[in-house]
Amino acid sequence: MARCYSGPVPRKKPLPQIWLLSDARSDAGLDAALRKLPRGSGLVFRHYHLGESQRHARFDAAARLARARGHVVALAGSKRQARRWGADLAYGPGGDLVPAHSLREIGRAQRALALVLSPVFPTRSHPGAPGLGPLRFRLLAARALVPVIALGGMNARSARRLNWLRWAGIDAFAGAEQR
């Protein structure tokens, strides 16, 4: 299968404001969700549920569609794996986009291109778990030295409520949640 390598995103290029995170439950609708994303958004391809070869093949197909729409593509994995697979960025600890849930994790992410702070609001991914809420999210985000992407119960409506331009969603582009 042909690789979709376009090289790393130059650090001078602005980060996308809107990101889609993929997972097992969103796989069936991933292609439709990528088409719904505003042009020039970002995809964080996770798909931890697949074996290595299946995951790689699914990544290639998703990356091809994402790039056709002008999206930046991040692979959940090491920077080395992201380079090998032709991703623009790596998502995860030590990656370009680093997930953070606490002040300690924010401190560890200061060399990243951006951090993904979550969960802002309660999510389907973690039923019953509380979100940070807007105030705590803003207090934590203010401690970051890199751009912060809000995640957790995020869609266009909650991004407006939070008054935060950079956000990521898992279910946000699956249907009615996009409003």
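Tutor: Gladly, and about 30 Å³ of space lies in the largest cavity. Before we go on, this is a predicted model, so local features need pLDDT of at least 70 and side-chain atom pairs count only at pLDDT 80 or more, while totals for chains, interfaces and linings use all residues. Residues are numbered from 1 along each chain as its sequence is written, and side-chain values use heavy atoms, with hydrogens and water left out.

Student: What makes a space a cavity or a pocket?

Tutor: On a 1 Å grid over the protein atoms alone, a cavity is a set of points where a 1.4 Å probe fits but cannot get out, whereas a pocket is an open set with protein on both sides within 12 Å along at least five of seven lines. Lining residues have an atom within 4 Å of a point. Grid points are joined across faces, edges and corners, and the volume is the space filled by probe spheres set on the points. The structure holds one cavity of 30 Å³ or more.

Student: Which residues line the largest cavity?

Tutor: The lining consists of Pro119, Phe121, Pro122, Thr123, His126, Ala129, Pro130 and Gly131. Five are nonpolar, three polar and none charged; here Ala, Val, Leu, Ile, Met, Phe, Trp, Tyr, Cys and Pro count as nonpolar, Asp, Glu, Lys and Arg as charged, and the others, Gly among them, as polar.

Student: What lines the largest pocket?

Tutor: That pocket holds about 500 Å³ of space and has 27 lining residues, with Thr123, Ser125, Leu151, Gly152 and Ile170 nearest its centre. Its lining divides into twelve nonpolar, nine polar and six charged residues.

Student: Why is Ser41 called buried?

Tutor: Buried means under 20% relative accessible area, exposed over 50%, and partly exposed in between (1.4 Å probe, protein chains only). Ser41 has 4% relative accessibility, so Ser41 counts as buried. Ser41 touches Pro16, Ile18, Gly70, His71 and Val72, not counting residues up to four places away in sequence (contact means heavy atoms within 4.5 Å).

Student: And what makes Phe137 and Trp164 an edge-to-face pair?

Tutor: The search of the whole structure finds four aromatic pairs. Rings of Phe, Tyr and Trp (its six-membered ring) pair if their centres lie within 6.5 Å; planes under 30 degrees apart count as stacked, over 60 as edge-to-face and the rest as tilted. For Phe137 and Trp164 the centres are 4.9 Å apart and the planes at 85°, so the pair is edge-to-face. The pair links distant parts of the chain, 27 residues apart: Phe137 is in helix H5 (residues 133-141), and Trp164 is in the loop between helix H6 (156-162) and strand S8 (167-169). Helices (H or I, at least four residues) and strands (E, at least two) are DSSP runs, numbered from the N terminus.

Student: What makes the backbone at His47 and Asn163 worth a look?

Tutor: Most residues other than glycine have a negative phi, and most peptide bonds are trans. His47 has a positive phi of about 45°, and Asn163 has a phi near 60°. At 0% relative accessibility His47 is buried, while Asn163, at 61%, counts as exposed. The peptide bond from Ser118 to Pro119 is cis, with omega near -10°.
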